[in-house]
Every structure is written in C-alpha cells, then in structure tokens.
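Visitor: I'm new to reading protein models. Could you take me on a close look at one part of this one?

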Amino acid sequence: MAAIFVLLLFRAGWAHARFTGQEPLGIPIDVSTEPWTSKFGPQVDLGYTGPLSFSHLPYSRCLDDGLARFDIGLLGFPFDTTTSYRPGARFGPFAIRSGSRRQGLARSTLAWGTSPEEEGAAILDCGDVPLSAYDNVKALDQMEAAYSTLLARPVQGGTSAAYKPSTAAFALDGKEHPRLVTLGGDHTIVLPILRALHEVYGPISVIHFDAHLDTWPPFSVDEPVTHGTFFTVAAAEGLMTNTSIHAGIRCKMNGFSDIEHDESVGFQVISTEDIDDYGIAAVINTIRKRIGKSPVYLSLDIDVLDPGYAPATGTIEPGGWTVREVKRILRGLSGLNFVGADIVEVAPAYDSADITGIAAADIVYDFLAMMQLPSPPSPHVGPFSRAKHV
Ligand SMILES: [Mn+2]
C-alpha cells in the first residue's frame, strides 16, 4: 500500500515538474556541476522537442488545477462521434498543437505588426477534456460542464500594461470572464459551448467560417444533434441573436429552402465566390456591419479552406478559400467583441505533410491576436518598411 502511495506521489511529482517547470518532490540535484549543464548551460526545448502544448505555452490540465490562471485559455475537445462522413477529428487538438511547434506567440509578423504576447493577455494551454467516445449525450454534458467551469474562473488580468479587459461589459454579472479558444473536435462541440456562453452573456452573435451551413433541420427526431444541425438546435434553445453570419459557404444544397431555413436560424450568407465578386474588403465590412457591437463567438470549420490547403477534414468541399484569404479576413475582424473562438473538423489521419494541422495552428495564432487588438492592423506599407503598430 505504502509502495503504491509513493509511486503515485512520484508519478504526480514527475508530471507536475514536466509541465510546469516547478521542483519535483525529493532532494534537488545541483545540475550546474554536471557535465551537460557545466558545458552547455541551461537549455530550452527546440521547436521540435519537448512535451506538446500549443506553441510551447505553459500547459495545465486547468479543470483539475485550482492554481491555473489565464485570460485566454486553449482547450481541446477531442470529440468526433457526431460526424456524417469521415471521422477522426478527435485527433484535431493533437494535430493543431503539433502544427504549432514552430511558432512562438512572442513573435510578430509584418501583417499583424504585433504578437499575441505583446498584446498582454495571459495565455495558457488548458489541455484536453477527456470526453466520452461512447455516449454523445454524456460527452455534450461533459463539454458544457468543462466550458462553464473555466468561464467561471477568475482572470489573471494580463502580463503587462498592454492588457485590455474585454468581457465585463457584456457579461450578465458585470465581471471579467476568461475567453477560451477551443480546438475541436467535430462541429457539434459548438452546441455545448453556446449553452455555456449563454449562461454568462445571454444570446450572442456567431461568425461561422465553413463550407457548409450547419443549420439543417434535425435529420431525425431521435437523433437531433449532428455536426450539420447543431445551429438549428442552438437557435431553438434561444442561445443566439438573429444577427449571425456565415463566411465561405459553397456546399451543395437540397434547394433554396435550405437558405430560407438558414435565415430563420438567424444567419446571413457570404458565399465562397463573394470574395471574387465583391472583394475582401466587402466581405470584412459585411461581417462587421452584421455583428456590430454585440458579443460575438467565432467558429471556424477548417473545411472553409480549399482542400489543397486543408485536406485533413471530414466533409471535403473543393473550391475553397486560401489560407492567406482567411487570415486577411480574420485581421479585418479585430476589435469586434469576441467572447470566444474555436477551430474544428481537423482530422489528421487524412493529412499530407501535416499541412492542415500547421494551417490550423497558424489560424489559432491569428485568433489570439485578433481577440486582443482594438482595431484591424494597418497594412504593412511598402517593402521592408515598418507597420504602424511596431
Ligand atoms: Mn461545419
């Protein structure tokens, strides 16, 4: 019995030390006198080494860790048992974290002129929620409970003077709440997320990047919740305002009645082709006008991208947007009142050279900047010049 207890202590200490950098249990060894450290000094992990967290962020299993503090948390929902075609998005959180290893949140780009870290929010990888792979009703309950739990945590309040509170003005209790970027998972994960957000904010708008409407009426009375019907269920529960908007729609429809039903669920449609017919600025302005100042949740299905950029997904639709186009639209949405975001439907078993996971991780980096900037960044002016924000 004692041996088991000691073993458990050792395992807990090892795991804790590995992910938090804190001292393990036992007497520390003076590593500075050892051959490795005396010769090479303290070293950090390389891009391709070390335990897997998003962009090498500190990692905590936040649901079990009462000491975890964050303003923006990354949370994995490894769930894919309500997909209609190819499964595999339960491995999405792994693929997105794996794709993020070469990027650092302290590093800026010419396009942003800043970095997620520079904008001041404390960002933490809160790990994955262990969800039932056998019982969808239970899994949805687990997702809602996990999301609600973390939404109710106190915020850290920033890592620098650049930090700007963002949610207290919209929360029903008038308090600042953490924001979560969820790594899916199939698209159904949005239903329990919207349920949890509704408790804190009341009805909110949704910006939905996707090739598909996801507002179809339930296919059967017995099975109302799928990754193509969850928005209809959410609307019936009163979770959304009627000022939501899709971006990138190009799916084959059953008829125009699909669009009429979509409008009744509260959505306006920006199609994939609108970017060619009206231009990027019009796409951005249409979204901003539709959302206005209301609290808004952004959900991005990786299948909004062309399969050439993102083959690793469940319901492929050829002819989509480029990664560059999506990134440019996201920059243009900076300053909207985001209460959370997700990226879903990354199913890495269908990937080629990790390109989908890397693209998804790059988009999450953009979420983390977009959610903090008060307005879109100024365009980078001319070759090798400095953007306004720098
Ligand atoms: Mn979808």
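Guide: Let's begin with Asp 214, which is buried, because 26 other C-beta atoms lie within 10 Å and 20 or more are enough to count as buried. Keep in mind as we go that this is a predicted model. Asp 214 sits in the loop between S4 and H6. If we set aside its neighbours within four places in sequence, Asp 214 is in contact with His 187, His 208, Gly 228, Phe 230 and Phe 231.

An unreviewed UniProt entry carries the annotation "binding site", and it covers His 187, Asp 210, His 212, Asp 214, Asp 301 and Asp 303. These residues span 117 residues in sequence, yet no two of their C-alpha atoms are more than 12.2 Å apart, so they gather at one spot.

Asp 210 is found in the loop between strand S4 (205-209) and helix H6 (230-236). Asp 210 counts as buried because it has 25 C-beta neighbours inside 10 Å. Which residues does Asp 210 touch, not counting those up to four places away in sequence? They are His 246, Gly 248, Ile 249, Asp 301, Asp 303 and Val 304.

How values were computed
Residues are numbered from 1 along each chain as its sequence is written. This is a predicted model: local features need pLDDT of at least 70, side-chain atom pairs count only at pLDDT 80 or more; totals for chains, interfaces and linings use all residues. UniProt positions are given in the numbering used here, feature names are shortened, and annotations may be inferred rather than shown by experiment. Helices (H or I, at least four residues) and strands (E, at least two) are DSSP runs, numbered from the N terminus. A residue is buried if 20 or more other C-beta atoms lie within 10 Å of its own, exposed if 12 or fewer, and partly exposed in between; C-beta atoms are placed from the backbone. Two residues are in contact if their C-beta atoms, placed from the backbone, lie within 7 Å.
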